[in-house]
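Dear colleague,

Here is the structure I said I would pass on. My notes follow below it.

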Amino acid sequence: MSRGVKDNLIAYSFIAPNFIGFALFTLVPMIFAFILAFVKWDGANPMKFIGLDNFTRLIKDSTFHKALWNTVVYTIGVVPLTMIVALALAILLNQKIMGRNFMRTVFFFPYVASLVAVAAVWNFIFSPTMGPINNILHTITGIPLEDLPRWAADKQWAMFTVVLFTVWKNMGYYMVIYLAGLQGINPELYEAAELDGAGPWRRFRNVTVPQLAPTTFFVLMILVINSFKVYDIFINLFAGADNQLNDSTRVMVYQIYNTAFRSLDYGYASAMAIVLFLLVLGITIVQFRGEKKYGQ
Amino acid sequence: MVGKSKGLRISLMVLVYILLFATVLAMLVPYIWMLSSSLKLNKDVFSFPMQWIPANPRWENFTDIWTRIPLGRFIFNTAKLSIIVTILQLLTSSFAAYAFSKLHFRGKNFIFLGYIATIAIPWQAYMVPQFILMRYMGLNNTHLAIILLQAFSAFGVFMMRQFYQGVPDELCEAARIDGLSEYGIWARIMLPLSKPALSTLTIFTFVATWNDFLGPMIYLTDTKLKTIQIGLRMFISQYSAEYGLIMAASVVSIIPVVIVFLALQKYFVQGVAASGIKG
């Protein structure tokens, strides 16, 4: 056996354990998802090829439109808010501050804590008549309890409540990514700027912001992708019963899940999944372009 | 002039501390509330103003939950899945990452590109065919299904590879000259060096598997196979008025994650920074 072939075989043996599992349980289903989008299938009867019918059905499906719209609204709410809070906290915790490590741990913790458990607590905290939030508001403002927002139980406020909760839960993760980015900035840049007489704000604008651009693009991309994939936050924040999900809080993944596993309409669910995939892909491409253009 | 700017600096610092303190409070209060309520009777959970430390702590909440639902079973299942998935992911990811960063072979860039491309594809886009595939393989309603789904992640390979890129090639060359095989270099040089990256991947994987919700919900229908998140949610809808019990079960479900997180968190920021997931 020649040296080159042997080297290749050794390298493949390193990749094989991961690659075989990855190919079988990720790549194959991905390819299969594209085929399924063009068939009608309930999982029991034979598949029927129906061309683009699933997609034309989607164009007319007002429930799906609403789910898509809700997903967009949620994303627009979550992304900027999370970025601002995460960056501000990262900058503060990058200074020499007392209790810095403790605070980093505290801010990150909601990200690792079980969603089901913390959603249950927030459900009680937001509870319209008994919860502490409305009771405090009632005590401060004197507005009768029944006139205060009913938070997760209220069509008007539900999305706002979910956005608040999401920012609370995930900001620590993005804070850590920003912290890592901040620590990668060469301190000499700040020293040079200070010598040139730049104040804190100018240093932030002319050193921190451009130096953090790659991190910011990364955070933006992950945040948008994750917002489009959201599902579990919604079904857990609504008193633990997903039948309480109403029109104002139905998101895309919920619609995919429901269509596939409740209605057993696998083809139609896959068509929705393809739309989700194309949207995420489109956003990723736009952001990569943006990064190339502005990220230097 | 100097005095004025110093005064400004001090008042700015005070403001920063107040702001941080308020944020810390906002982050902690829900857990304190959870803990406090877990020791109360239902009727006291919502008493206002809030009694943070219950006068008569009801410890029975923590014994009752084990008999109301098969909590022990759920925790055992989740721990089993989380540990197996984490070990498999650490092993296969670091193994593959070594080849991608330190070895030369045919198709390296092409295969790696494939890994990266799939990271951006949401799992929800192919969960349906994945489910059909698993059912076809007869793995429905088994823990093996969850393990196979989670154990081979593209993200893990990517993260470990980013970290290994930062390890100097000369280190491997020197080991090769000393007669160490590639497997030896991986086991004796790369693995010990990559503690921060391994810790970070452990936190991510363990926590993701422990907290996973949609996967077990789709695949596990048998009660004796279910995980803590599914169990907890069933418990919440079934006993929706028994807040004390729900909070006690929630506290129990969070404890293992707290332990793993606190044990590894000192490596965490370092790991994120070094592995370059900062972008």
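Predicted model: local features only at pLDDT ≥ 70, side-chain atom pairs only at ≥ 80, totals over all residues.

Helices here are DSSP runs of H or I with at least four residues, and strands are runs of E with at least two.

Residues 243-264 come from the UniProt record, an unreviewed entry, which lists them as a "transmembrane region" of chain B, along with residues 12-33, 81-100, 112-132 and 144-164. I also looked at residues 12-33 of chain B: that span is likewise 100% helix and 0% strand, with 31 Å between its end C-alpha atoms.

Now the interface. Chain A contributes 88 residues to the contact and chain B contributes 85. About 7800 Å² is buried between the two chains, and carbon and sulfur atoms account for 79% of this area. On the chain A side, the residues that lose the most area to chain B are A:Phe14, A:Phe25 and A:Phe124, which together make up 11% of what that side buries.

As for polar interactions, 16 residue pairs are in polar contact between chain A and chain B, both residues being at pLDDT 80 or more. The number of salt bridges between chain A and chain B is zero.

Helix α1 of chain A (residues 3-36) supplies the largest share of the side that touches chain B, with 21 residues. Sorted by class, that side of chain A has 66 nonpolar, 18 polar and four charged residues.

Regards

Key:
Residues numbered from 1 in each chain as written. Chains lettered and ligands numbered in written order. Heavy atoms only, no water. UniProt positions renumbered as here; feature names shortened; annotations may be inferred. Contact = heavy atoms within 4.5 Å. Buried area = accessible area lost by both parts, 1.4 Å probe. Salt bridge = Lys/Arg side-chain N within 4 Å of Asp/Glu carboxyl O. Polar contact = N/O pair within 3.5 Å; in protein donor to acceptor, adjacent residues only side chain to side chain. Nonpolar A, V, L, I, M, F, W, Y, C, P; charged D, E, K, R; others polar.
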